[in-house]
Amino acid sequence: MGLRHLARRGAGLASRSFVGLPGGIVTRRRGRGSEPDDVRPWAEGDDVRHIDRNATARTGTLHVRTHHEERDRAVVLLADFRPSMLFGTRRALRSVAAAEALALLGWRIVGDGGRIGLVVAAASPEPIALRPTGGGRGMGAMAGALARAHALALAAPLGADPPLTPALERARALLPAGGHLVIASALDQPGEGFEAALTALAERVSLSLILVSDAFEREPPPGLYPFATPEGRRGTAQVRRKPPADDRLARWARVGLEGVRLDSEGGPESFAPLMERLDAVL
């Protein structure tokens, strides 16, 4: 919630929502839209024409129905909190960096009138998914869900990463045709069937990737490193030379999943310009 001030810094015309009509003058969309969005209690300044009679009669207090544009921007953010993401050597875990980036992106989207939803991929048995909602209400729900999901992920027993395909299916169910899905993950072990699921999903929604990276995996200092695997195997690995250049972003772009690389040691200040770039293409 504290990242809201960073999300709006440097917001430009490229990320604003304008009417989709031809003409020489660009203006913001006006009006209440035509698609029902939510029912809420009456507040001072609400238009009496928007009073919802059914909710008012049922509760005994005035309620109004809000609407959104038929062509509004609905974005589902997929946070990867599986065991491989609970790793970090500088500043923060990769999972925390992913959550920070998604929060920044979420604030930008709702600030421009869009709606955000959330799906969390984790080893914990409790699935977490939120339907797209706009405004501070949507961001409040998303922040609470991210915090709860991360706490559950840290408390879960260490094991192998479950596949990401079920999370993609949950995201598909939340998104209307023409919506957007943004995946924040290192994609170390996406699991069997992931690329096929991406291909099927790309026919219905647009896809973007925030590829989270840690400094150690990009450039580990030479030396001996003890390790333990989820299967219980232990040993020591020796790093003697610099690893090859990180080409994962280009590799995923070749299968239609384009995006940006997020270096987890950088922090939210360095994430904000990347999220502005990503927001401009959603």
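Q: Which residue's side chain meets that of arginine 82 in a salt bridge?
A: This is a predicted model, so keep that in mind for every value here. The N to O distance of the pair is 3.0 Å, and a salt bridge needs such atoms within 4 Å. The partner of arginine 82 is aspartate 80.

Q: Which residue in S4 stands opposite aspartate 80?
A: Strand S3 covers residues 74-80 and runs parallel to S4, with 7 bridges joining the two. Opposite aspartate 80 stands alanine 121.

Q: Why is strand S4 largely enclosed by the rest of the structure?
A: Look at both faces: Arg115, Gly117, Val119 and Ala121 are buried on one side, and Ile116, Leu118 and Val120 on the other. Strand S4 spans residues 115-121, and it is largely enclosed because the buried residues number 7 of the 7.

Q: How many residues does the hairpin from S4 to S5 go through?
A: S4 and S5 (residues 128-134) pair in the antiparallel sense over 5 bridges. One spot to check is arginine 115, which stands opposite glycine 134 in S5. The hairpin that joins the two strands goes through 6 residues.

Q: Which are the edge strands of the open sheet?
A: The sheet has 6 strands in the order S5-S4-S3-S6-S7-S10, with mixed pairing. An edge strand pairs on one side only, and that picks out S5 and S10.

Q: What angle does the direction of helix H9 make with that of S10?
A: Helix H9 (residues 268-281) packs on the sheet and touches S6, S7 and S10. Its direction and that of S10 make an angle of about 170°.

Q: How many residues apart are arginine 248 and aspartate 188?
A: These two form a salt bridge, with their closest N and O atoms 3.8 Å apart. Arginine 248 sits in helix H8, while aspartate 188 is in the loop between S6 and helix H6, so the pair links distant parts of the chain, and the separation is 60 residues.

Q: Why does arginine 248 count as buried while aspartate 188 counts as partly exposed?
A: Buried means under 20% relative accessible area, and partly exposed lies between that and over 50%. Arginine 248 is buried because its relative accessible area is 12%. Aspartate 188 is partly exposed because its value is 36%.

Q: Which residue forms a salt bridge with aspartate 263?
A: Aspartate 263 counts as partly exposed at 23% relative accessibility. Its partner is buried, at 19%, and the closest N and O atoms of the pair are 3.2 Å apart. That partner is arginine 218.

How values were computed:
Residues are numbered from 1 along each chain as its sequence is written. This is a predicted model: local features need pLDDT of at least 70, side-chain atom pairs count only at pLDDT 80 or more; totals for chains, interfaces and linings use all residues. Side-chain values use heavy atoms; hydrogens and water are left out. Buried means under 20% relative accessible area, exposed over 50%, partly exposed in between (1.4 Å probe, protein chains only). Helices (H or I, at least four residues) and strands (E, at least two) are DSSP runs, numbered from the N terminus. Two strands pair if DSSP finds at least two bridges between them. Contact means heavy atoms within 4.5 Å. Axes are lines fitted to C-alpha atoms, for helices over the stretch in contact, and angles run from 0 to 180 degrees between N-to-C directions.
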